[in-house]
Amino acid sequence: MQKQYDVGIVGGGIIGQSIAYQLAKEGISVLVLDSHKGGTGATSAAAGMLGANSELENNDAFFQFAKESQRHYHILRDELSELSQINIQLVDKGMYKLAMTENEAKVLKKAIEDYETLEWHTKETVLQNEPHVSDLIVGALFIPEDGHVSPTHVCAAFSKSASLLGATFKENTPVHSIKKTAANEYTLSTPQGDYLCSKVVIANGVWSGHFFKQLGLEVSMKPVKGECLSVQGDHLNLEKTLFYDHCYIVPKGDGRFVVGATMIEDDWSTTPSLGGIQSLIEKVTPMMPSITSAKLLDTWAGLRPQSDDGKPYIGQHPEDDNIYFASGHYRNGILLAPKTGTMIRDLILKRKQNDEYIHAFSLTRKLTQTTR
Ligand SMILES: Cc1cc2nc3c(=O)[nH]c(=O)nc-3n(C[C@H](O)[C@H](O)[C@H](O)COP(=O)(O)OP(=O)(O)OC[C@H]3O[C@@H](n4cnc5c(N)ncnc54)[C@H](O)[C@@H]3O)c2cc1C
């Protein structure tokens with residue numbers, strides 16, 4: 001048996017690493033185990049949008065949680081860069097949700113009634129700000145706070161900062177089982193040996209369904225495959241993210257434009273298909289016609305972890321206070337990572353929690369809402 005840790009985290013994607021960072025900052029001894037390299041699951045496939053307003057429709061606890069997480073990125077940018085010297089590439093120039101018809105404009109304008117920071121921009125204003133947007137639009141909803149980050153840089157910055165604060169990270173170490181010992185601790189069994197921990201956090205994304213079953217929970221986790229492509233072109237000029245009909249163009253700080261993403265339910269393959277990429281090209285062209293002459297750089301796919309109602313599970317095992325879950329972040333794991341990290345930290349440290357968040361993300365909640 002190897003050294004004992006206060007907390008063992010299964011999964012080194014952005015969620016596991018965010019939790020590891022927050023715990024390490026409190027002086028807690030943390031072990032993160034990843035079956036691969038860490039940060040190479042869904043995290044590496046994500047476009048990195050922080051789309052609280054663009055993704056979530058209701059002004060409920062989930063939305064408030066997402067907004068807090070989005071704001072937290074401004075603190076993390078400085079904190080993580082000072083510690084790890086890694087720039088998380090936070091860009092906060094906002095997003096345009098385009099309307100191609102008067103009816104679409106009417107629907108988008110309704111959101112302004114609920115959120116005072118949102119603005120309606122006429123076609124003329126949009127084209128003045130973003131000359132490469134199609135002139136077939138009738139206008140756009142401007143969402144100033146929905147920026148983006150580089151998910152792989154955020155994950156690496158969490159991981160390096162956590163390590164500098166004392167956390168241990170082991171790659172290529174898949175956890176096969178979690179067993180409680182007679183002394184009320186947990187053995188995490190891997191092909192590389194067993195690890196003893198006082199508490200365990202399950203944060204292995206779409207693969208956490210395996211542990212739900214093993215730990216007697218009747219909740220499930222399904223993959224929703226998403227395909228993306230990236231292009232580059234000196235002639236292209238875009239500051240804000242564009243969004244239309246489930247398709248987006250994110251202008252990354254390094255000159256790339258990421259176009260995403262398909263939604264294919266129950267597909268475990270991580271290879272992009274020709275049909276998927278073709279559908280993205282067909283959707284993106286009417287948004288920004290000049291993109292078709294850009295240089296194609298890359299295509300990829302990843303698996304969004306989707307819970308039974310599309311909301312994440314963030315909380316404790318209903319019958320075992322020392323087992324925590326942080327998975328099922330579906331389309332918004334990058335957005336939700338900062339707040340997931342602080343929520344699990346506070347649960348572990350028994351700090352006061354927002355009851356609405358506990359209820360919204362509990363494993364025993366009533367699963368009523370359907371996914372988008
Ligand atoms: C195409 C696409 C676009 C997206 N765009 C966005 C976006 O713009 N904004 C946004 O907020 N979200 C986006 N998402 C969603 C986001 O990527 C996910 O919600 C998020 O990455 C989930 O993070 P995670 O750490 O839970 O999972 P992952 O990143 O998948 O990490 C899980 C880790 O667990 C490891 N693991 C698995 N099994 C084991 C085991 N038994 N033992 C140890 N380790 C194990 C894996 O190797 C992996 O590293 C997108 C997703 C996709 C696919």
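Angles under 35 degrees count as roughly parallel, those over 145 as roughly antiparallel, those from 65 to 115 as roughly perpendicular, and the rest as oblique. The model shown in these views is predicted, so that local features need pLDDT of at least 70 and side-chain atom pairs count only at pLDDT 80 or more, while totals for chains, interfaces and linings use all residues. Residues are numbered from 1 along each chain as its sequence is written, and side-chain values use heavy atoms, with hydrogens and water left out.

**View 1. The packing of helix α4 against helix α10.** Helix α4 (residues 61-84) packs on helix α10 (residues 333-348) at an angle of about 90 degrees, and their axes lie 7 Å apart; helices are DSSP runs of H or I with at least four residues, strands are runs of E with at least two, and both are numbered from the N terminus. Axes are lines fitted to C-alpha atoms, for helices over the stretch in contact, and angles run from 0 to 180 degrees between N-to-C directions. The two helices α4 and α10 are therefore roughly perpendicular to each other.

View 2. Val 149 is found in the loop between β5 (139-143) and α7 (151-164), and, with a relative accessible area of 0%, Val 149 is buried; buried means under 20% relative accessible area, exposed over 50%, and partly exposed in between, with a 1.4 Å probe and protein chains only. Leaving aside neighbours within four places in sequence, Val 149 is in contact with residues including Tyr 73, Lys 252 and Ile 334. The C-alpha atoms of Val 149 and Lys 252 are separated by 8.3 Å, although these residues are 103 residues apart along the chain.

**View 3. Ser 18 in helix α1.** Ser 18 lies in helix α1 (residues 14-25) and counts as buried, at 0% relative accessibility. Apart from neighbours within four places in sequence, the contacts of Ser 18 are with Phe 158, Ala 337, Pro 338 and Gly 341.

**View 4. The setting of these sites in the protein chain.** The secondary structure of the protein chain comes to eleven helices and 17 strands. Buried residues make up 56% of the 372 residues in the protein chain. Among contacts between residues at least 6 apart in sequence, 73% join residues at least 24 apart.

Note on methods
Contact = heavy atoms within 4.5 Å.
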